[in-house]
Structure formats: structure tokens, C-alpha cells
Amino acid sequence: MSDLKLFNLLATESFVYVCTSQLSSRNYKLTYFNVKAVAEPIRFIFAYAGVEYEDNRVEHAQWPEIKGTTPWGQLPLLQVGDKTLAQSNAICRYLGKKFNLDGANEWENAKIDEFVDALADFRTAWTRTFREKDETRKSEMMKDVLETVVPQIFGTLDATIAGNNGSPYLVGKKITWIDLQTAHYLDMFENLNPGVLIKYPNLKKLRNTVYETDQIKAWCQRRPATNM
Amino acid sequence: MSIKLYYFDGRGLAEPTRWILAYAGVEFEDIRAPLDLPVTIPPEIKAKCTWGQVPLVELEDGKKIAQSLAITRYFAKKHNLVPEDLYEAAVCDEYVDSIREFMQAWYVITHEKDPEKKQEKRQEVLKSTKQRFFDVFESIVAKSSDGKHLVGNSLTWADIYLTHGLNHVGLVHEIDLLNDYPALKKLSENVLQEKGIQAWVQKRPLTKF
């Protein structure tokens, strides 16, 4: 092979990509089930930051033997070298800071914490409906989510962006991990409740902004297709 | 203007913040709404609440933070109770989230009205929280370098939160959880001996929750 051809081969993106991916995927391993759910905000952070990681998805059949090896009997679990970290938002906050996807100061980080917990309140009310067996009770609960919880929480988040000095993000001037997480849950919720974002134009715009970034677009195209 | 903390007349989700402010020797207005059933936040307080919930804190400059963990973490960071090292800080988050999970598991018992079912639930919850949480925390503290901290060798908000969690569940359900856990007992005593926290725990209003 001529020197020029060899040089071109070595300089191609794919070669560099393979090298860096092998280097850094030794560092991070995320274990979760083969669904999006609470691991997806973590996957979005890796995707947006362009950091390689091992996206380890366990089958439900494997879970019983793995469960005992996890600190709290739950997933997701992040392994960073030989250290482990559990609890999805602890993981998001850690990676958010590491990859410069956190707030610009302590105040902004406190607001991010506030919003992620408000979002968790929404998720709790929503996911409770999945577990309800009685159909009548289930639709009552869902009605309450749509008529009470969503206006309170989506409404406040939407107003937060509106009041953020022209920024399309929830906190500060640049995208942070709370924007990535919120966009994911908004998208999941809207898929099941089409039109719900019409009343929340700033949230709709946030979701679109996140999903239209090259990194998230590429991730959504290559991630495994799963229902939840 | 002083810091204002709005919550119910109870320990609940505001107590860890009260402990941290007490530890730091920071004055604050401890505003308490009556805790009656059905649970209602007085309209003049609710109007301030971003998400319609308490606790809420108003800082000296009037800025607000809602969501109890966001509030607690903010003051923890301000008063050197969050480790500098990012990984250690993340582990504190992990532990506090896990403490919240066991507190939530015990909270479920409170809703059960039937005394027999309540007793059954209590046994179930005790067994599962021992296995999933208390045994795990005991092992973490027992293995720690000084035998009395969850993360590193100095006090963090995770130690304070755990002490409160065990104390609160113990008080509500009238159970001595520390009896079976010597390392947790040592951690707890260490936290409760902190001057500000000790004084606060002794003078705080005595409430069921």
C-alpha cells in the first residue's frame, strides 16, 4: 500500500472512532434491562457528550442471578473502572458534571435538582397507572394525571423555560442533563398521549431541540427498538 | 431577610434540612403548617410553592428552592457536607436516594388501617428493608476506614440523612432499628453528638411524623 493510502486509512474517522471507543468503553459500563425507561436519560448523556460506554442490557431471565450482585437489588448500575454507582439520578448528576452538562453554578445545579425531582413526581403518578389492574380505577388515575399532575408539573416547567431570558433550556444558557432527561420523558409520555404537549409550547420546543441534535438523532437511530 | 423553611409541623421531608442548618449554626425561620387530615397546605403558603408542595425554602435574597432533596443538597454543599471528589459526591446521592426508598417502604404501613394487616405489613417491610437496605448500609459503614462514616472519613450529608431516616422510622413505628446494627449505631451516635444537631434534636417540637 502506498504511503498516501496508508496515511488516508489511518486518518479516517472510523479508524479513530474505533480506537477511542475501545479506549473509553473500558471505562464506562451501564447495566439495565433492554428498555429505555430510567436508563435512557443516562444513555442520552453519553450520546450527547459523545462518550463511548458499554450499553449492557440484561434479559429478565438473567436478572435473578445478577440481582444479588447489585448494591440495592436494582438497576440501573454504572461501572466506572472498578467503581460502581447506583440510583439513576445520582448517575445522571455525576455524568452531567463530568461531561460539562451541568449548571454554571451552585444555584443552577440546585434548580436542576429541583426539576429532576419534580419530574420524578410526575413519573411516579404516571407509572402508578401501569400497575393498576382494575380498568375503572386505572382510567380514573390516568384522568387525574392528565387533569391535575400534568398541568401542575408540565405547566411549571413550561413557564420556567418561558421565564429563562430567551434560553430554550430549563436552566441557564446551555443544554444540561435535565434538558436531556425531560425531553426523553416528554417524548415517551406524548407517544402515549398524543397532543398533550400542545398546551406546553416551550416543552415541545425543548423536546424537539434535543431530538434534533445530531448526537441524539444518531442515537435514536441506532438504539435498540423497544416499547418502553 | 432570614432563610425561611416552609413545611408541616412534623419532621418528614424537611428534617434533614433542619439538621444541616442546625449543624452549620445557621438561623432560619422554621415555618410549620398544621398537619391535619386531609393534608392541606394553607393557601398563603401554597401560593408560594412552585409545585404546589412543601417543603419550600426562601433564601436570604428571596430566591426559592423547592423539592426536598434539591433543598437539602444545596445546603449540604454550602456547608461542606458534600465531598469534593465527584465520585464520592455521587455515592452520597446514591445513598440518600436509597435511604428515601426505605423510608418510603415504611411509610406504606402508615396507610394500612386494619390492625392485623398492619402488623403483617410491618413484618414484611421490616424483613425486606433489613435485607435490602439496613444490612447493606451496615456493611458499608463497618468496612469504612473509621467505622462511622458512609463516605470517606468525614461527616457528609449522607450520614446525617441516614441518621434521620433511622431515627424517624424508629419514632413513627416505635421500633429500635439500631439494636441489630452496631456500625449504624456508631454512625448515628456520631451524628447526634454534633453540637448543633444534638441541640436541635433536643429542642425540636415533638411530633408523630
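UniProt positions are given here in the numbering used for this structure, and its annotations may be inferred rather than shown by experiment. With that in mind, I opened my notes on this predicted model.

**Entry 1: the domains of chain B**

I began with what the record says about chain B. UniProt, in an unreviewed entry, puts "domain: GST N-terminal" at residues 1-83. I looked up the make-up of that span: residues 1-83 of chain B are 30% helix and 22% strand. Their end C-alpha atoms are 29 Å apart.

Next I went to the other annotation. Also from an unreviewed entry, UniProt's "domain: GST C-terminal" takes in residues 85-209 of chain B. This span comes out at 74% helix and 0% strand. I noted 34 Å between its end C-alpha atoms.

**Entry 2: a charged patch**

Which residues of chain B form a negative surface patch? I found B:D114, B:E116, B:E120 and B:E124. I followed up on B:E124, which sits in helix α5 of chain B, residues 115-143. Is B:E124 buried or exposed? Exposed is the label for anything over 50% relative accessible area, and B:E124 gets that label because its relative accessibility is 51%.

Most peptide bonds are trans, and most residues other than glycine have a negative phi.

A:P76 belongs to the loop that runs between α4 (63-67) and β3 (77-80) of chain A.

In chain B, the bond from B:V54 to B:P55 is cis, its omega also near 10°. I placed B:P55 in the loop between α2 (43-46) and β3 (56-58) of chain B.

**Entry 3: positive phi angles**

Where does A:A37 lie? I traced A:A37 to the loop between β1 (28-33) and α3 (40-49) of chain A. A:A37 isn't a glycine, yet its phi is positive, at about 40°.

Over in chain B, B:Q67 has a positive phi of about 75°, and B:Q67 isn't a glycine either. B:Q67 is in the loop between β4 (64-66) and α3 (68-78) of chain B. The cut-off for buried is under 20% relative accessible area, so B:Q67, at 9% relative accessibility, counts as buried.

Note on methods. Residues are numbered from 1 along each chain as its sequence is written. Chains are lettered from A and ligands numbered from 1 in the order in which they are written. This is a predicted model: local features need pLDDT of at least 70, side-chain atom pairs count only at pLDDT 80 or more; totals for chains, interfaces and linings use all residues. Side-chain values use heavy atoms; hydrogens and water are left out. Patches are made of residues with over 30% relative accessible area and no salt bridge: like charges are joined within 9 Å, nonpolar side chains (Val, Leu, Ile, Met, Phe, Trp, Tyr) within 5 Å. Accessible areas come from the Shrake-Rupley method with a 1.4 Å probe; for residues, only the protein chains shown count as cover. A salt bridge is a side-chain nitrogen of Lys or Arg within 4 Å of a carboxyl oxygen of Asp or Glu. Lys and Arg count as positive and Asp and Glu as negative; His and the chain ends are not counted. The place of a charge is taken as NZ of Lys, CZ of Arg, CG of Asp or CD of Glu. Helices (H or I, at least four residues) and strands (E, at least two) are DSSP runs, numbered from the N terminus. Buried means under 20% relative accessible area, exposed over 50%, partly exposed in between (1.4 Å probe, protein chains only).
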